[in-house]
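Colleague: Thanks for making time for this. Could you walk me through how the labels in this model are assigned?

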Amino acid sequence: MGVLYDKLAKDVRFREGINSCINCGTCTAICAAAEFYNYDPRIIADTVQSRDESKIEALLKSETIWYCGECMSCKTRCPRGNAPGLIIMALRSLSQEEGYFVESEKGRQQLALKRTVGEWILKYGYCLYAENILPEMHPEQGPVWEWESKHLPEIFERLGGNYKGDGPGILRKIPQETLDELKSIFDVTGGTVRYEKIENFSKEKAKELGLQFDEGIDNEYVKHIYTVNNHSHTKE
Amino acid sequence: MKIEGKQHIWQDYQKEIAENHYFYVRSCVRQNFFPGSETAFLRILREELGKDVFENPCHTTCTGIGYHGDIVPFDTTMTVVARQFALMTESGYENLVPSCITSFGIYTEILETWEHFPEEEEKVREYLYKATHREFKIPKNLAHASDVIYKFRKEISEKGKFRLVNVNTGKPLKVVEHIGCHYAKMFPSKGIGGAEYPYVLTGMVEDWGGEVIDYPERRHCCGFGFRQYLVKANRGYSVACSHKKFESMHPYKPDMIITNCPGCPMFLDRWQYAIAEMEGKTYGENGQGIPVFTYEEVAGLVLGYDPWDLGLQVHQVSCEPVLDKIGIPYDTSKKYLGKQGQNIGMPDKPYILKT
């Protein structure tokens, strides 16, 4: 067996995700991503079970593995109990561990996710935090969110929240000791190392592309990866 | 016809839901976008049904959106979840109730993983102890918050002041029910009715007087897709999924949509606004959208709660058409006021979508 395949096989999600794919294509038929993107989960399953190192490496560097929405509809329908969505999760993890994710436009977006959701988890204790969901980044949220954004304390108070307050409740302030525990868990379990790898590989890529790279989201590289779409990804 | 076989199969898709003493963990999306729904859930459980629901202020996100955004490793997510279990254990509870479907899916995935790979559980116990000096017991019962409302749907109906019935025609409201993908698609036996015939919302709708619409794309994803929504460049995926559902349900003229996942109502609400503004297409009556509700909001309306206490003012698609059909009174002048009745302005009107 090859090096990359061995690494994939260490991921329990990979071991659960593929047993013996019969290439029936049911996953592709039900797949929300396959309808929108140039994407075929059947081929993903077929490629990894081929155990061909060069093909797996190409997959890890490709746009393809970033198209899945992880809705897991494939898991329900596969007659063999496989789950291409789980295979994708293992591939995406390995792509980031190896630094291959920066070789694709969609893969490079991982830094935008780390700089937003990833950092909010450790800073606030939530994956999302209202004051950071900026209307200019989310025009689809409409005028109602624009209004809410200007009046968050009053709206959370009106609807029974405990916005930035002590004790239990909606969007309460998570105690510092709890945030310290989260950080400690990230340190012990590889979460911190994952974040560092996303940062380091992205920094190198930004240099290669000649884009300004800095902390936060207000810099050339993050703005670039957050918005750029070369329109080669979809069926039309 | 012999139906024993069918009954036997159906038994596999029933689930045990604890009667009382719940350890509640909140949802990141729900708290930010539909805070009134979590408030309503606790009010219904505690005040209407007299149940004991405990919330430990030290619980956190399960990291779910980060996990499915693939920035958080599985070991990290498993250990954060183990910490939630530890808080539950320390608080003296054994019935875990997550508000979030993504969390429910993750808790289920982790418990299944530990069942199949006991060494993973041992590893996580070591990680958690090393990081926090905490230890935990596995929940005796895991139920999503919508499972709990489903369990008590008949009691809610009996206490209810309103039914999902059009007061002008006497006919049941036509309801689209949308189940969050991670409720049962990954582990069908963990959801009421499984993935093919999920009954968790249908049971509520039917007991509260409505009629569920069966339409072709009933089980299609709302389009969250995690990274597919969170990164601006990918949002075409998200709106395309919702669009597919709206086009499919539109001919059946639904009065309303009910959902059990925190993200789905937000996407089905907001994308109707975006589609209207982008393409001029609306799916409700008179240029409006199809009102989208959380199950807590619908339960609250049935029980006669004030629509603005439930948070219907933070929807982009106006909910008033449904309130009018059911005959629920509301005071428009109070819709956008603060808790003390103070003026905090109001949202601008969209250009196309009527509100």
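Modeller: Gladly! Chain A has 15 helices and 0 strands, where helices (H or I, at least four residues) and strands (E, at least two) are DSSP runs, numbered from the N terminus. This is a predicted model, so local features need pLDDT of at least 70 and side-chain atom pairs count only at pLDDT 80 or more, while totals for chains, interfaces and linings use all residues. Residues are numbered from 1 along each chain as its sequence is written, and chains are lettered from A and ligands numbered from 1 in the order in which they are written.

Colleague: What makes a residue of chain A count as buried, and what percentage of the chain is buried?

Modeller: A residue is buried if 20 or more other C-beta atoms lie within 10 Å of its own, exposed if 12 or fewer, and partly exposed in between, with C-beta atoms placed from the backbone. Of the 236 residues in chain A, 49% are buried.

Colleague: How do you know which residues of chains A and B are in contact?

Modeller: Two residues are in contact if their C-beta atoms, placed from the backbone, lie within 7 Å. By that test, 73 residues of chain A are in contact with 74 residues of chain B.

Colleague: Why is the set of 184 residues called a nonpolar core?

Modeller: The name applies because such a core is a set of buried Ala, Val, Leu, Ile, Met, Phe, Trp, Tyr and Cys residues joined through C-beta atoms within 7 Å. In the largest one, with 184 residues, A:Ala33, A:Ile87, B:Val81, B:Ile258 and B:Ala299 touch the most other members. Leaving out residues up to four places away in sequence, A:Ile87 touches A:Phe14, A:Gly17, A:Ile18, A:Ile44, A:Ala45 and A:Val48.

Colleague: What makes β1(B) and β3(B) a pair?

Modeller: Two strands pair if DSSP finds at least two bridges between them. Strand β1 (residues 22-25) of chain B and β3(B) have 4 bridges, in the parallel sense, so they pair. One of the bridges joins B:Val25 to B:Pro98.

Colleague: And which strands are the edges of the open sheet in chain B?

Modeller: The order of its 4 strands is β6-β5-β7-β8, with parallel pairing. The edges are β6 (211-212) and β8 (292-294), because each pairs on one side only.
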